[in-house]
Amino acid sequence: MKDQFFGRFGGSFIPEILYNSQQQLIDAYESAMSDAEFVGRLKSEWQHYSGRPTPLTFCNNLTQQIGGAQIYLKREDLNHSGAHKMNNVIGQGLLTQYMGKTRVIAETGAGQHGIATALISARLGLKCTIYMGATDIKRQYPNVFWMKQLGAEVIPVTTGSATLKDALDEAMRDWAANYDDTHYLIGTSCGCAPFPEMVAGFQSIIGEEVKEQSINQIGKHPDRIYACVGGGSNACGIFLPFVDSSSTELVGVEAGGRSDAPGDHAKRFNTDQARFGIAQGYATRFLQDSEGQLMPTHSISAGLDYVGVSPILADLEENGKVRMISANDDEVMTAFSQLMRNEGIIPALESAHAVAGGLREAKSMSPEQSIVINLSGRGDKDIFNVAKVMKDEPFSAFLNDFLLEAN
Ligand SMILES: *Cc1c(COP(=O)(O)O)cnc(C)c1O
């Protein structure tokens, strides 16, 4: 594998004890991707298990309403389990088998990556252990329920703040102790090498498809592509195949949250609350206080709520290849409704950030121009949050009645 740095970001800042498992993974990924049989299985699972290629959908009603650029959506919401996360877990699940390992571990905050990992483990016959903060387990119980039903073991982590970063520490410990039979399946384009490049690589199928589909449907590549940025995997996936194109501008949309105050958002760019740092095995832009302690984050969408960001995106932004903007919670809810009402598509709240950014800027573009918004996932999972924001009282009453009946 090439240099493990992306400019000054990335690298491997890991304890000695993880060195062997990391080297093994780097070698396995490199050899698997040049093995025609592995690549054939990967493509076959993407197609027959996840439903790829996903469509590129033209939004005529929204385009008319906004009155600027032609608006297209890349429909990652139509993947099996409803998000782009499936592209990556299929890749790493097959790689686990390729290395002759029989067990995967993962850490999850909101639970979406935990479900995706439990799904692929069931399909490939792998033993599956998910680390999750005890606080997150309470907040995201429906996802935990599905992980357990799928046969995964969910281990509550009670150390520290009992959230994602504590679960991450536990997963690292498990990997170090059990690397003989265990693969650590990281869910986004972050962490030590080779994870940023490997996850971005598995997700790049998104942008590869857009390249071909846009030529067929628009007659040229899009003028701009928008993607929401949590850890950065769906953004890397749709951006990377276009990185050297001078005719397509790449725009990442972060969670602007409630306000710009510390702890109220998850912006790692365009704020002096985030700067270069090394944590969790790699170097990137982290939200941190003056002493370098990682800061709490907020977003209306659990999946964008992360203190670090892909080192690949940190580098692309620094080199002017990706422009970063943000959308706040209110704009996100407006865009969410706009897409639902006009096109009959319910986006994930994460993806609604990309929609908000795209709609805001499409207005000032011309009808000869076109944009593609990466719809990273579907919104069914967000029903509880959306009902709360919409203050839908019958929904609360329904939940109460449901509980009374169950007891
Ligand atoms: C997990 C998730 C994200 C955020 O992850 P990235 O690695 O930044 O892509 C975005 N959208 C959806 C639907 C997700 O489930």
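Helices (H or I, at least four residues) and strands (E, at least two) are DSSP runs, numbered from the N terminus. The model described here is predicted: local features need pLDDT of at least 70, side-chain atom pairs count only at pLDDT 80 or more, and totals for chains, interfaces and linings use all residues. Residues are numbered from 1 along each chain as its sequence is written, and side-chain values use heavy atoms, with hydrogens and water left out.

**Annotated region and lysine**

- UniProt, in an unreviewed entry, places the feature "domain: Tryptophan synthase beta chain-like PALP" at residues 51-377. UniProt positions are given in the numbering used here, feature names are shortened, and annotations may be inferred rather than shown by experiment.
- Across residues 51-377 the chain is 40% helix and 21% strand.
- Lys85 lies in helix α4.
- With a relative accessible area of 23%, Lys85 is partly exposed. Buried means under 20% relative accessible area, exposed over 50%, and partly exposed in between (1.4 Å probe, protein chains only).
- Leaving aside neighbours within four places in sequence, Lys85 is in contact (heavy atoms within 4.5 Å) with Gln112, His113, Ala116 and Gln203.

- Two strands pair if DSSP finds at least two bridges between them.
- Tyr226 stands opposite Ile373 in β14.

- Strand β11 (residues 274-279) is joined to β12 by six bridges, and the two run antiparallel.
- Arg275 has Phe286 in β12 as its bridge partner.
- Two residues separate β11 and β12 in this hairpin, and Gln280 in the turn has a positive phi of about 50°.
- Strand β12 (residues 282-287) is largely enclosed by the rest of the structure, because six of its six residues are buried.

- Thr271 lies in the loop between β10 (249-257) and β11, and counts as buried at 16% relative accessibility.
- The side chain of Thr271 reaches the backbone nitrogen of Gln273 at 3.0 Å.
- Not counting residues up to four places away in sequence, Thr271 touches His265 and Arg285.

**Backbone exceptions**

- Most residues other than glycine have a negative phi, and most peptide bonds are trans.
- The peptide bond from Arg52 to Pro53 is cis, with omega near -5°. Pro53 lies in the loop between α2 (36-48) and β3 (56-58).
- Ala193 and Pro194 are also joined by a cis peptide bond, with omega about 5°. Pro194 lies in the loop between β8 (182-184) and α9 (195-203).
- Ser81 is not a glycine, yet has a positive phi of about 75°. Ser81 lies in the loop between β4 (70-75) and α4 (85-98), and is partly exposed with a relative accessible area of 25%.
- Lys391, likewise a residue other than glycine, has a positive phi near 50°. Lys391 lies in the loop between α15 (383-389) and α16 (393-406), and is exposed with a relative accessible area of 69%.

- Gln64 has its place in helix α3 (residues 60-66) and counts as exposed at 57% relative accessibility.
- Gln64 and Pro367 are 303 residues apart in sequence, while their C-alpha atoms are 9.7 Å apart in space.

Conventions. A polar contact is a pair of N or O atoms within 3.5 Å; within protein, one must be able to donate a hydrogen and the other to accept it, and residues adjacent in sequence count only if both atoms are side-chain atoms.
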